[in-house]
Amino acid sequence: MLEIRNLDVSYGYAKVLHDVSLNIKTGEMVFLIGRNGAGKTTLLKTIIGLLQPQKGSIVYAGKEISNLSPERLYLQGFRYVGQEKKVFGNLTVQENIEIAAFASGEPMDVSLKKITSIYPKIKDFLKTKAGQLSGGQRQILLVGRALVGEPKLLLIDEPTQGLAAIVIEEIIHILDSLKKQVSALIVEQNLSLVKQLSDRIFLLKEGKMVREIISKSEESGIQDLEGYL
Ligand SMILES: Nc1ncnc2c1ncn2[C@@H]1O[C@H](COP(=O)(O)OP(=O)(O)OP(=O)(O)O)[C@@H](O)[C@H]1O
Ligand SMILES: [Mg+2]
């Protein structure tokens, strides 16, 4: 569904991504791994239209999209959950969801039903200000909010970063329940999670795509990855 070919991306004169290619098939959960500074966030931001590539193409459903804005891509079903876990802190959880429902033209009760189906406990927090949520609750709100409207492709940057083991288990459960419903590209350093959920894994090293692993058939390849993180 998404085909990235030979991307070069720079910040000013500093080239960060070099000839990067990656693809995601419909319904797949693909993981992107690599050390700090490898360029993982840069790649997600380029896909979502926040950065422009200097070279290469991003084709979605047969059309070039590298020139489209994040707003246009949102309407096409792209959902980006950034590494900084940004919510509207002064608004309640319910209001945070309402904004997404409004933006996508979906009735709020439909949006809420989708989110409670993956995380029933959200009902207890609807009136809480999002700024008061724990890191884990905030991450779950963001993933839930990404389901509003008609998501086709989730792009999630380090969903378990900084979270306690028990919350990571909840996130794994939620991501697992999304498998097959929606395609996803997830940046993640937690290899145990990657092993459990991935269909394929791409390894980025110093801005270059150095390896692709098909999870089911390459158990030993996944073990090797530890040396790269
Ligand atoms: N806005 C920016 N301006 C200039 N350089 C940047 C900017 N953002 C990132 N970089 C540089 O680009 C490189 C890749 O950064 P990026 O954030 O994509 O890495 P990452 O793989 O997501 O790392 P992390 O695991 O720490 O999140 C790094 O060298 C970083 O310093
Ligand atoms: Mg990053």
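This is a predicted model: local features need pLDDT of at least 70, side-chain atom pairs count only at pLDDT 80 or more; totals for chains, interfaces and linings use all residues.
Local features were taken at pLDDT of at least 70 and side-chain atom pairs at pLDDT 80 or more, while totals for chains, interfaces and linings use all residues. Residues are numbered from 1 along each chain, chains are lettered from A and ligands numbered from 1 in the order written, and side-chain values use heavy atoms, without hydrogens and water.

Helices (H or I, at least four residues) and strands (E, at least two) are DSSP runs numbered from the N terminus. A residue is called buried under 20% relative accessible area, exposed over 50% and partly exposed in between, with a 1.4 Å probe and protein chains only.

Helix H5 is largely enclosed by the rest of the structure, because eight of its 11 residues are buried. These are Gly136, Gln139, Ile140, Leu141, Leu142, Val143, Gly144 and Arg145. They pack against strand E6 (78-81), strand E7 (153-157) and the helices H3, H4 and H6.

Gln139 lies in H5, which spans residues 135-145. Its relative accessible area is 0%, so Gln139 is buried. Contact here means heavy atoms within 4.5 Å. With neighbours within four places in sequence left aside, Gln139 is in contact with Val81, Lys85, Ile156, Glu158, Pro159, Leu163 and Ile171.

Which residues of helix H4 are buried? In H4 (residues 108-118) they are Met108, Ser111, Leu112, Ile115, Thr116 and Ile118. Because they cover an arc of only 160 degrees around the axis, they sit on the same side of H4; the arc is that of the directions from the helix axis to the C-beta atoms. An α-helix has 3.6 residues a turn, so residues three or four places apart point the same way. Asp109, Lys113 and Ser117 are exposed on the other side of H4. The cover over the buried residues of H4 includes helix H3 (93-104), H5 and helix H6 (165-178).

Gln94 belongs to H3. Its C-alpha atom is 8.6 Å from that of Leu112, 18 residues apart along the chain. Beyond neighbours within four places in sequence, Gln94 is in contact with Met108, Leu126 and Lys127.

**Ligand 1**

Ligand 1 is surrounded by 13 residues, and the closest are Gly37, Lys40, Thr41, Thr42 and Gln83. A residue counts as near if one of its heavy atoms lies within 4 Å. Helix H1 (residues 40-47) gives the largest share of this shell, three residues. By class the shell has three nonpolar, seven polar and three charged residues.

| Residue | Protein atom | Ligand 1 atom | Distance |
|---|---|---|---|
| Tyr11 | side-chain N or O | nitrogen | 3.5 Å |
| Asn36 | polar side-chain atom | oxygen | 3.1 Å |
| Gly37 | backbone N or O | oxygen | 2.8 Å |

On its own, ligand 1 has 640 Å² of accessible area, of which the protein covers 56%; such areas come from the Shrake-Rupley method with a 1.4 Å probe.

**Positive phi values**

Ala61 is not a glycine, yet it has a positive phi of about 45 degrees. Ala61 is in the loop between strand E4 (55-60) and strand E5 (63-64), and it is exposed, with a relative accessible area of 59%.

Glu206, also not a glycine, has a positive phi of about 45 degrees. The loop that holds Glu206 runs between strand E9 (200-205) and strand E10 (208-214). Glu206 counts as exposed at 65% relative accessibility.

Methods: A polar contact is a pair of N or O atoms within 3.5 Å; within protein, one must be able to donate a hydrogen and the other to accept it, and residues adjacent in sequence count only if both atoms are side-chain atoms. Ala, Val, Leu, Ile, Met, Phe, Trp, Tyr, Cys and Pro count as nonpolar, Asp, Glu, Lys and Arg as charged, and the others, Gly among them, as polar.
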